Amino acid sequence: MPREHIPAEVVRRVWAAAGIRCGYCLAPQHIVLVSLEIEHLVPLAAGGTSDESNLWLACPICNGHKSSKTTGTDPITSQPYPLFHPRTQNWHDHFAWSDDGLRIVGLTPTGRATVAALHLDSDPIALEVRSYWIAAGWHPPAAQQS
Ligand SMILES: [Zn+2]
């Protein structure tokens with residue numbers, strides 16, 4: 001599917017609004033080797049637009065797992081829930097770090113469904129890289145507004 005052109009000024013505002021980190025795993029750009037990506041909260045394939053209100057920042061791992069998904073399944077209730085919406089919802093209301101800092105734990109049905117859909121507790125590359133961030137003292141991030 002061809003991507004719509006997103007004006008540079010909109011891209012700049014989205015990066016700033018997202019705090020220059022992934023909206024799902026909170027990976028900050030300054031410790032990620034690849035560029036974070038502008039993602040469509042409602043994917044184009046699911047009828048989303050490239051309006052600024054539908055754009056956020058994600059790392060390639062989270063964006064790749066998210067793909068065209070808009071919902072996930074809460075593993076506790078087996079019910080579908082909309083994925084976490086980083087533009088309108090607070091990360092800390094829906095997620096926490098595991099005690100060792102490696103994994104993201106869902107606190108709510110939306111959080112659990114998003115963890116499952118985006119592999120936030122299981123992507124092997126993310127877990128390995130995060131283990132080095134922990135060893136370096138870079139992770140988990142200090143609690144902050146999200
Ligand atoms: Zn991420």
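Trainee: What covers the buried residues of α4?

Mentor: This is a predicted model, where local features need pLDDT of at least 70, side-chain atom pairs count only at pLDDT 80 or more, and totals for chains, interfaces and linings use all residues. Residues are numbered from 1 along each chain as its sequence is written. Helices (H or I, at least four residues) and strands (E, at least two) are DSSP runs, numbered from the N terminus. The cover of the buried residues of α4 includes α2 (60-66), β3 (71-73), β4 (80-82), α3 (91-94), β5 (95-97) and β6 (104-106).

Trainee: Why is helix α4 largely enclosed by the rest of the structure?

Mentor: A residue is buried if 20 or more other C-beta atoms, placed from the backbone, lie within 10 Å of its own. Among the buried residues of α4 are Thr 110, Gly 111 and Leu 118. Helix α4 spans residues 109-118 and is largely enclosed because the buried ones number eight of the 10 residues.

Trainee: Which residue just after α4 takes a positive phi?

Mentor: Look just past the end of α4. The phi there is about 55°, and the residue is His 119.

Trainee: How many helices and strands does the chain have?

Mentor: From the N terminus on, the elements run α-β-β-α-β-β-α-β-β-α-α. That comes to five helices and six strands.

Trainee: What share of the 146 residues in the chain is buried?

Mentor: The C-alpha atoms fill a box of roughly 40 × 35 × 25 Å, taken along the principal axes. Of the 146 residues in the chain, the buried share is 30%.

Definitions and conventions: Buried ≥ 20, exposed ≤ 12 C-beta atoms within 10 Å, placed from the backbone. Contact = placed C-beta atoms within 7 Å.
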